[in-house]
Amino acid sequence: MTSVYRNAKAQREVRRWCEGRIAEWSTPHVRGEVVTSAGVTSFVTAGPEPRDGEPGVVLLPGTNMNAALCLPLVGALARGRRVTVFDLPGQPGLSAGGRPRIRRMTWYGQWLSEALERAAPGPAVAVGHSLGGAVALASGSAQIVGRVLLSSAGITRLKVPAPLLAATVPWLLRPSALRSTALLRRMAAPGGEVPDHLSTWMDLVARCCRTSLAPPPLPSALLGQRRSVPALVVSGRFDPFLPPRVLGPSARRRLGAEFGVVEGAGHLLLDEAPDEALALVEEFCATFATG
């Protein structure tokens, strides 16, 4: 196992930042922890108890993200349904920081199955962004009755355009809020605004953490098994990693999933297009509930 954190002090700094944002959140919620084979898993739950047979929403953030970064979307979803957002182990946040060197997606799939059983019992629609989408696909938990995969890894190989790589190197070598903003702008749609808290967070990540690479595509046999559960795959029109022309055909061919495009957004769908993401999840859940 390797740790996402550079040292114990760095881990404490990340935890303080996350705990502070969650503590300031005005939406009624519960923050809890469960023990899994991947270590302690932190989660935040908000929203009403599900009605009989109604699935809750389980949100799985992407690389370098966590519950503290997703609170606005969680709060909006929680107005009408139970929402649980997990901090992925091995990513910066409040869960255990260790991650394996090999068979990482198998490890994540087992972790999610355990975390669902212990922290979010009952049927669930798994909503995964980027790495979180790959994790949602890696788990064969019977609790998962649907998947909404936003700019999802695990379906096809991510592209890394030269301008984005050129912004990544100085962000890692000489971290600053300005360099974080420059990197995030390369991930977003042209001319899009980057929230100040996201720039601050990514600066903290560069100083305190060892960022992980995107996972390779999941095996075709595994994705074939996931066809039995309804799925919606979505990409931002300007996503540099997973442009619609690449992700769309792969999602249909390898997963048999419906595919949608969010206009005016890049890779940071939860921050660039929260209203559109909310509408997509709500529509998917409503279709499942009435179908």
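1. Ground rules. Residue numbers start from 1 along each chain as its sequence is written, and side-chain values rest on heavy atoms, with hydrogens and water left out. Since the model is predicted, local features need pLDDT of at least 70 and side-chain atom pairs count only at pLDDT 80 or more, while totals for chains, interfaces and linings use all residues.

2. The sheet. Start with the eight strands, which make an open sheet with mixed pairing, ordered S2-S3-S5-S4-S7-S8-S9-S10. The edges belong to S2 (30-36) and S10 (258-262); each has a single partner strand, so one side of each has no neighbour in the sheet. From one strand to the next the twist averages 25 degrees. On terms: strands (E, at least two residues) and helices (H or I, at least four) are DSSP runs numbered from the N terminus, and two strands pair if DSSP finds at least two bridges between them.

3. The S8, S9 and S10 end. S8 (residues 144-150) pairs with S9 (residues 231-236) in the parallel sense, over four bridges. Look for Arg147, whose bridge partner in S9 is Ala231. S9 and S10 also run parallel, joined by five bridges, and here Val233 stands opposite Phe259 in S10.

4. The helix over that end. H9 (residues 244-255) lies across S8, S9 and S10, at about 170 degrees to S9. Angles like this run from 0 to 180 degrees between N-to-C directions, with axes being lines fitted to C-alpha atoms, for helices over the stretch in contact. Together, S9, H9 and S10 make a right-handed β-α-β unit (right-handed if, with the strands pointing away from the viewer, the path from the first strand over the helix to the second runs clockwise).

5. H1 and H7. The axes of H1 (residues 8-24) and H7 (residues 196-208) come within 9 Å and cross at roughly 160 degrees. H1 and H7 are therefore roughly antiparallel (over 145 degrees; under 35 is roughly parallel, 65 to 115 roughly perpendicular and the rest oblique). Their crossing is left-handed, meaning the near helix is turned anticlockwise from the far one by less than a right angle; clockwise would be right-handed. Among the residues that meet are Trp17 and Cys18 in H1 and Trp201 and Leu204 in H7, where contact means heavy atoms within 4.5 Å. By class, this contact has seven nonpolar, two polar and three charged residues (Ala, Val, Leu, Ile, Met, Phe, Trp, Tyr, Cys and Pro count as nonpolar, Asp, Glu, Lys and Arg as charged, and the others, Gly among them, as polar).

6. H5 and H6. What angle do H5 (residues 162-173) and H6 (residues 177-187) pack at? About 160 degrees, with their axes 9 Å apart, so H5 and H6 are roughly antiparallel. The crossing of H5 and H6 is left-handed. The H5 side includes Pro163, Leu164 and Trp171, and these meet H6 residues including Leu183 and Met187. The contact of H5 with H6 has eight nonpolar, two polar and two charged residues.

7. H3 and H4. The axes of H3 (residues 104-119) and H4 (residues 131-138) come within 8 Å and cross at roughly 75 degrees, which makes H3 roughly perpendicular to H4. Met105, Tyr108, Gly109, Trp111 and Leu112 of H3 make the contact with Leu131, Ala134, Val135, Ala136 and Ala138 of H4. Those residues divide into nine nonpolar, one polar and no charged.
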